[in-house]
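Please look over the sequence and the three-dimensional structure shown here before reading the report. The text is meant to be read with both in view.

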Amino acid sequence: MTADTVRWGILATGGIAAAFTADLIDLPDAEVVAVASRSEASAKTFAERFGIPRAYGDWNTLARDEDIDVVYVATPHTAHRTAAGLCLAAGRNVLCEKPFTLNVREAAELVALAREHGRFLMEAMWMYCNPLVRRLKSLVDDGAIGEVRTVQADFGLAGPFPPSHRLRNPELGGGALLDLGVYPVSFAHLLLGEPSDIAARAVLSEEGVDLQTGGLLSWESGALASVHCSIVGGTATSASVTGSKGRIDIPHGFFFPDRFVLHRDGRDPEEFTADPADGPRNSLRHEAAEVMRAVRAGEAESPLVPLDGTLAVMRTLDAIRDRVGVRYPGETPDEDLTAELTPA
């Protein structure tokens, strides 16, 4: 790493890896120097597509490449613990896709490994790095709508997805909650912290994954959050935050919004819109920029996506899965998924 350039390695070659790499190479202070896949042919095809100089047919070689400052882990989440763990143990800093891991046990192991080796680690929760979402949080934190009373957020895809699809495959951590529900849950955590109690219901597939899940989260303050996710119905992906003195509505795409509306008691509504200078609303550049800022500064984690917050979200996801009866291969029937919730 130089004062101007952070060198990246990409681990995996799927759709999200391609989207991230396309945004990354547009940043003037980022350089993608290597890509790895379990298939050398896949790695070479990806490298040729994006002009990446080195392509590896295994993860270990990428993890040991000392020319890499940060590895972006974009495997299916069932492999996050293994892939990110290899890189951290080899001395690489890591940005790991969401959901961070399959469960909080794996997440805690990665956090411990990063701290043991003094490496930077961050979940790729790009919503937290989005400038307009950060503006919304700032308004809420500054009391623009008073004390937060309720949060609502939903994310659903219409499907239908066949049983062979990864979203229906227990071996790949399938279901609506981990792939989509992580966004509504993370949005509630962003504004209220970790809940003190959780109730949930779900409709399960024949394979045992959740087709749609609804959760009601509650806090000692009296605040409530209603979160919903689905792979059998397309939702508005809307969100709202209601406080004692007003409300903020995100009408669509709450995790990468182009606008939101602030309603304050006794005032006309105010619309806040995304700055065109920040790039396309679906850009992943903001999380990449935050990683590079933190790594240059010698920080072990990002204040925008702190590791304790990531662990808290994983505890909530585990608790919801426990309530609705979703277990994945490798999780024993008697394994405790409900790590004690910390009242916010």
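Predicted model: local features only at pLDDT ≥ 70, side-chain atom pairs only at ≥ 80, totals over all residues.

## The parallel sheet

The model holds an open sheet of 6 strands in the order β3-β2-β1-β4-β5-β6, and the pairing is parallel. At its edges stand β3 (54-56) and β6 (121-123), each of which pairs on one side only, and the twist averages 25° from one strand to the next. Strands of a sheet pair through backbone hydrogen bonds, either parallel or antiparallel.

Within this sheet, β1 (residues 6-11) and β2 (residues 30-36) run parallel and are joined by 6 bridges, with tryptophan 8 having valine 32 of β2 as its bridge partner. Further along, 4 bridges join β4 to β5, which also run parallel, and here valine 73 has cysteine 96 of β5 as its bridge partner.

Helix α9 (residues 285-296) lies across β1, β2, β4 (70-73), β5 (93-96) and β6, and runs at about 125° to β1. The largest nonpolar core has 119 residues, of which Trp8 and Phe187 touch the most other members; the element that gives the most to this core is α8, with 12 residues.

## Helix α7 and what covers it

Helix α7 spans residues 131-141, and its residues Leu132, Val133, Leu136, Leu139 and Val140 are buried. These five lie on the same side of α7 because they cover an arc of only 120° around the axis. The buried residues of α7 are covered by elements that include α6 (126-129), β7 (148-156) and α8 (176-192), together with the strands β12 (246-250), β13 (259-264) and β14 (270-273).

Both ends of the helix have a local feature to check in the model. At the start of α7, a side-chain oxygen of asparagine 130 comes to within 2.9 Å of the backbone nitrogen of leucine 132, whereas just after α7 the backbone of glycine 143 takes a positive phi of about 85°.

## Cis peptide bonds and positive phi angles

Most residues other than glycine have a negative phi, and most peptide bonds are trans. Against that background, a cis peptide bond joins lysine 98 and proline 99, with omega at about -15°, and proline 99 lies in the loop between β5 and α5 (104-117). Another cis peptide bond joins glycine 159 and proline 160, with omega at about -5°, and proline 160 is placed in the loop between β7 and α8.

Which residues have a positive phi although they are not glycines? Alanine 12, in the loop between β1 and α1 (15-24), has a positive phi of about 110°, and threonine 237, in the loop between β10 (224-230) and β11 (239-243), has a positive phi of about 45°. Are these residues buried or exposed? With buried taken as under 20% relative accessible area, alanine 12 counts as buried because its relative accessibility is 11%, and threonine 237 counts as buried because its relative accessibility is 8%.

Notes. Residues numbered from 1 in each chain as written. Heavy atoms only, no water. Buried < 20%, exposed > 50% of the residue type's maximum accessible area, 1.4 Å probe, protein only. Helix = DSSP H or I, 4+ residues; strand = E, 2+ residues; numbered from the N terminus. Arc of directions from axis to C-beta. Contact = heavy atoms within 4.5 Å. Polar contact = N/O pair within 3.5 Å; in protein donor to acceptor, adjacent residues only side chain to side chain. Pairing = 2+ DSSP bridges. Axes fitted to C-alpha atoms, helices over the stretch in contact; angles between N-to-C directions. Core = buried A, V, L, I, M, F, W, Y, C linked by side-chain atoms within 4.5 Å.
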